[in-house]
Amino acid sequence: DGSLRRWRDGKPVGDGKPIATGQGSVLSLIELKNGELVSGGADGSLRRWRDGKPVGDGKSIATGQGRVWSLIELKNGELISVGEDGSLRRWRDGKPVGDGKPIATGQGRVWSLIELKNGELISGGSDGSLRRWRDGKPVGDGKPIATGQGGVSSLIELKNGELISGGFDGSLRRWTPDPIARAACRQIDLASIPTDTGLAPVVEAAQATCREVGMRK
């Protein structure tokens, strides 16, 4: 019905009444590190909340993306909204980041989105593909990676660095960093490398490369 309700220990908080958002169905909701809530609506808008009350001028923020299916907050504090039109948009403090335009993924609807430990984003599309992003730009050759799973409805990163994609066909697939990334991402103590070997700069370069090398099947 387009409302929010506040709960604690299974009981309503405050007066217990629903809070009308005016956004149509609320399709996504996230708590930011600063304590604000952001709701994403079927009308393509974002709204900011604190303690059950609107933040700022209280008006909806138009995304221009159609329905807002998903919201994630990045380590750098940016908010990413995922739209019905298959686009990503970057936000900070309720304002667009960069040129402010939606970033077309070319994946149909984006059903899933995750930030990896290395700072990359991975988007999962209704076309069954994965795409890699950094700072709003494609990573690597920029082409979608076919999963063969139908739509990609869920993504998680494991502690060992593997990515797991969940598909519309009911399958899971495992993705690991390619061999270069595995070698570059090893935790090597540079101080333990003898200075006369000349290897320290090589390892440093490899570890830097690790941040740029993405996921492969």
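This is a predicted model: local features need pLDDT of at least 70, side-chain atom pairs count only at pLDDT 80 or more; totals for chains, interfaces and linings use all residues.
On the aromatic side, ring pairs link Trp69, Trp111 and Phe168 into a cluster.

**Strand S17 and its two faces**

- In a regular strand, side chains alternate between the two faces of the sheet.
- In S17, Ser129, Arg131 and Trp133 point one way, while Leu130, Arg132 and Arg134 point the other way.
- Both sets are buried, and that includes the arginines Arg131, Arg132 and Arg134.

**Who pairs with S17**

- Strand S16 (residues 121-125) runs antiparallel to S17, and 4 bridges join the two. One spot to look at is Ile122, whose bridge partner in S17 is Arg132.
- S16 and S17 make a hairpin with 3 residues between them, and Gly128 in that turn has a positive phi of about 85°.
- Strand S18 (residues 137-138) also pairs with S17 in the antiparallel sense, over 2 bridges. Here Arg134 has Lys137 of S18 as its bridge partner.
- S17 and S18 form a hairpin too, with 2 residues between them; Asp135 in the turn shows a positive phi of about 55°.
- Strand S19 (residues 145-146) is antiparallel to S17 as well, joined to it by 2 bridges. Leu130 stands opposite Ile145 of S19.

**Aromatic rings**

- The count comes to 2 aromatic pairs.
- One of them is Trp111 with Phe168, a tilted pair at 6.0 Å centre to centre with 45° between the planes. The angle falls between the 30 and 60 degree cut-offs, which is why the label is "tilted".
- Trp111 sits in strand S15 (residues 110-115) and Phe168 in the loop between strand S21 (163-167) and strand S22 (172-177), so the pair ties together parts that are 57 residues apart in sequence.
- Trp111 counts as partly exposed, at 26% relative accessibility.

**Positive phi in two loop aspartates**

- Asp9 has a phi near 55°, a positive value in a residue other than glycine. Asp9 is found in the loop between strand S2 (7-8) and strand S3 (11-12), and is exposed with a relative accessible area of 75%.
- Asp51 has a positive phi of about 55° although it isn't a glycine. Asp51 lies in the loop between strand S7 (45-50) and strand S8 (53-54), and counts as exposed at 60% relative accessibility.

Note on methods. Residues are numbered from 1 along each chain as its sequence is written. Side-chain values use heavy atoms; hydrogens and water are left out. Rings of Phe, Tyr and Trp (its six-membered ring) pair if their centres lie within 6.5 Å; planes under 30 degrees apart count as stacked, over 60 as edge-to-face and the rest as tilted. Buried means under 20% relative accessible area, exposed over 50%, partly exposed in between (1.4 Å probe, protein chains only). Two strands pair if DSSP finds at least two bridges between them.
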